[in-house]
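Please look at the sequence and the 3D view before reading on.

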Amino acid sequence: MVVLWEDTRTMEHYETTATAGTPEGVGLTFLTLAHSLRERVDRHMTATAGLSLSRTKVLQVLAGHGPLHQAELATALGQAPRSVTQILEGLERLGLVTRTGHPEDRRRKTVELTDAGRATLAAAEEAGRRVLRRFFGSLTPQELTGLDALLALVANGLADDGTG
């Protein structure tokens, strides 16, 4: 095992093993980096705008689709309705969404983004962009294009993969 680099703030080690340069080795490096980058974006968004990535995603879906029933929102997010309900309760307490009951079915709630939710979403998205610019901004346009093309190949492989 050879340490490629060390993040002294989080004490994370990024390592290479005998599988370096192989599909599984590159895949493991990618997973490690993706996890670390996601955590950093999440921490910065939460510290700056008070909104985690998971809460941001909920607000993004509502901003893109307009008001949705909770079950539709859960489907759009690919999450269990119970998980979405817990997130929505927190967002509602913060005044970022409203939930209104269906006149004929008390269990069915429609969720809508508030003006405060739109403003907070914009701040969270900008905080996330700042972190991404910090990490990817040093790449040349050619490197960004190459990386984007490689990631598209991986994404296509995921879309074609029947293992789920």
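Helices (H or I, at least four residues) and strands (E, at least two) are DSSP runs, numbered from the N terminus. This is a predicted model: local features need pLDDT of at least 70, side-chain atom pairs count only at pLDDT 80 or more, and totals for chains, interfaces and linings use all residues. Residues are numbered from 1 along each chain as its sequence is written, and side-chain values use heavy atoms, with hydrogens and water left out.

Q: How many salt bridges does a search of the whole structure find?
A: A salt bridge is a side-chain nitrogen of Lys or Arg within 4 Å of a carboxyl oxygen of Asp or Glu. One of them joins Glu126 and Arg129, with the closest N and O atoms 3.1 Å apart. Searching the whole structure gives five.

Q: Why are Glu126 and Arg129 separated by about one helical turn?
A: An α-helix has 3.6 residues a turn, so residues three or four places apart point the same way. Glu126 and Arg129 are about one turn apart because both lie in helix α5 (residues 115-136), at a spacing of three residues.

Q: Is Glu126 buried, partly exposed or exposed?
A: Buried means under 20% relative accessible area, exposed over 50%, and partly exposed in between (1.4 Å probe, protein chains only). Arg129 has 40% and is partly exposed. Arg130 has 34%, and Arg133 has 45%. Glu126 has 26%, so this residue counts as partly exposed.

Q: What is the strand order of the open sheet of three strands?
A: Two strands pair if DSSP finds at least two bridges between them. Strands β3 and β5 (residues 109-113) pair in the antiparallel sense over two bridges. The pairing in the sheet is antiparallel, and the order is β3-β5-β4. Each edge strand pairs on one side only; the edges are β3 (68-69) and β4 (97-101).

Q: Which side chain makes a polar contact with the side chain of His69?
A: His69 sits in β3 and stands opposite Thr110 in β5. A polar contact is a pair of N or O atoms within 3.5 Å; within protein, one must be able to donate a hydrogen and the other to accept it, and residues adjacent in sequence count only if both atoms are side-chain atoms. His69 is buried, at 18% relative accessible area. At 3.2 Å, its side-chain partner is Thr110.

Q: What is the relative accessible area of Leu73?
A: Leu73 belongs to helix α3 (residues 70-77). Contact means heavy atoms within 4.5 Å. Beyond its neighbours within four places in sequence, Leu73 is in contact with Val58, Val61, Leu62, Leu68, Val84 and Leu88. Leu73 is buried, with a value of 0%.

Q: Which residues of α2 are buried?
A: Helix α2 (residues 53-65) has 13 residues. Gly66 follows α2, with a positive phi near 85 degrees. The buried residues of α2 are Thr56, Val58, Leu59, Val61 and Leu62.

Key: The expected span of a helix is 1.5 Å times one less than its number of residues.
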